[in-house]
Structures are given as C-alpha cells and as structure tokens.
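Thanks for coming, everyone. Please take a moment with the sequence and the model before I start.

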Amino acid sequence: MKMVKVIVFIAGIFMLSASIFGFWHIFYTYKKYIHTVCIVEKLHRKKVYKYRKMRYEDTMVISYETDKYGKLYTTLESNYPFRKVGDKLILWYDPNYPRNIKLPISEVILSIFFAALGVICISTVFFLIKIKI
C-alpha cells in the first residue's frame with residue numbers, strides 16, 4: 001500500500017508540474033502572439049474505425065484576419081461537439097509566422113484539467129496518510 005501512495009503522489013506532482021508549465025506557456029505566448037478572433041467557416045464530421053471502435057473525427061475550417069497577410073484559412077481538429085458554423089473563437093497567431101496559431105481556451109482547459117488531477121492525487125495521498133491506511 002505504501003508503494004501505491006508513493007506512485008500516486010509522484011503522479012500528482014508530475015500533473016501539477018505539467019499544469020504549471022502549461023500556464024507558463026500560455027502567458028509566454030500571450031505576450032508574444034497577436035490576439036484576434038477567428039470564425040468557423042466549415043465543419044466536417046466523419047466516422048473513423050480506430051482501435052476496434054467506431055469514432056467520430058471533427059474538423060473545422062477557420063478564417064482569421066492578419067495585419068500583414070490579410071485573411072487566412074486553416075483546418076483544425078475540433079474537440080468540442082457543440083461547435084457550429086459561424087462561431088467566433090479567440091485565436092492567437094505569431095506575427096512572424098501567421099500560420100502558427102493557438103486556441104488559448106483549449107490550452108487553458110487542458111492545464112486546469114492537469115491541475116485538478118494533480119491536486120486530487122496529492123490530497124488523496126494525504127487523506128490516506130491521515131486515516132493511516
């Protein structure tokens with residue numbers, strides 16, 4: 001049981017570290033990238049057979065305005081099932097390489113998820129130590 005506590009504690013520390021790195025990366029790109037709004041132009045959903053199961057893959061075509069290059073289009077995977085054509089999303093792009101884009105909401109959600117899992121793992125270990133299991 002002691003080994004399980006150590007493994008869960010280390011996993012919690014690793015997840016908290018990943019979360020801190022994720023937030024640091026978001027703040028770093030916040031300063032460096034240009035902020036704009038993109039519009040979802042097209043959505044495409046197709047069935048794919050992966051890992052012995054039928055799954056859906058959603059892709060979206062988005063457009064965004066740049067100062068130097070005008071209107072640009074790109075295709076991204078969509079991880080949100082309720083997105084529709086015409087939605088406006090926050091987008092950051094690199095001024096030197098405008099095809100290098102970030103959707104900050106997705107990155108924030110991932111960092112929050114890792115932080116929550118890390119806190120749950122570490123607090124579980126402290127709880128188990130407190131009740132002496």
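I'll go through the sheet, the helices, the core and the salt bridges.

First, the ground rules. This is a predicted model, where local features need pLDDT of at least 70 and side-chain atom pairs count only at pLDDT 80 or more, while totals for chains, interfaces and linings use all residues. Residues are numbered from 1 along each chain as its sequence is written, and side-chain values use heavy atoms, with hydrogens and water left out.

Let's begin with the sheet. Helices (H or I, at least four residues) and strands (E, at least two) are DSSP runs, numbered from the N terminus. How many strands form the open sheet, and in what order? Five strands, in the order β3-β2-β1-β4-β5, with antiparallel pairing. To count as paired, two strands need at least two bridges between them in DSSP. The edges are β3 (70-77) and β5, each of which pairs on one side only.

Now the pairs. β1 and β2 are antiparallel and share 12 bridges. In that pairing, V48 has R55 in β2 as its bridge partner. The hairpin of β1 and β2 has two residues between the strands, and Y51 there takes a positive phi near 55°.

On to β4. β1 and β4 pair in the antiparallel sense over six bridges. Here H35 stands opposite W92 in β4. W92 also stands opposite K102, in β5. Y93 faces I101 of β5. Two bridges join the antiparallel strands β4 and β5.

Next, the helices on the sheet. Contact means heavy atoms within 4.5 Å. Axes are lines fitted to C-alpha atoms, for helices over the stretch in contact, and angles run from 0 to 180 degrees between N-to-C directions. α2 packs on the sheet and touches β4 and β5, with its direction at about 90° to that of β4.

Stay with α2, residues 104-130. It has 27 residues and reaches 39 Å from its first C-alpha to its last, close to the 39 Å expected at 1.5 Å a residue. That expected span is 1.5 Å times one less than the number of residues. Which residues of α2 are buried? They are P104, S111, A115, G118, C121, I122, V125 and L128. Buried means under 20% relative accessible area, exposed over 50%, and partly exposed in between, with a 1.4 Å probe and protein chains only. What covers these residues includes α1 (2-32), β4 and β5 (101-102). Just after α2, K132 takes a positive phi of about 60°.

Now the core. A nonpolar core is a set of buried Ala, Val, Leu, Ile, Met, Phe, Trp, Tyr and Cys residues joined through side-chain atoms within 4.5 Å. The largest one has 11 residues: C38, V40, M60, I62, Y64, L72, L89, L91, Y93, I101 and L103. β1, β2 and β4 (88-93) are the elements that give two or more residues to it. In soluble globular proteins, nonpolar side chains tend to be buried together. Look at V40 in particular. Beyond its neighbours within four places in sequence, V40 is in contact with M60, V61, I62, R83, K84, V85, G86, D87 and L89.

Last, charges. A salt bridge is a side-chain nitrogen of Lys or Arg within 4 Å of a carboxyl oxygen of Asp or Glu. How many does the structure hold? Three.

One joins D58 and R45, at 3.3 Å from N to O. This pair links distant parts of the chain, with D58 in strand β2 (residues 53-66) and R45 in strand β1 (residues 34-50), 13 residues apart. D58 counts as buried because its relative accessibility is 16%.

Another joins K50 and E57, at 2.7 Å from N to O. K50 is at 35% relative accessibility, so it counts as partly exposed. E57 is at 29%, so E57 is partly exposed.

There is also D87 with K84, whose closest N and O atoms are 3.4 Å apart. Is D87 buried or exposed? Buried, because its relative accessibility is 18%. K84 is exposed, with a relative accessible area of 52%.

That's the tour; thank you.
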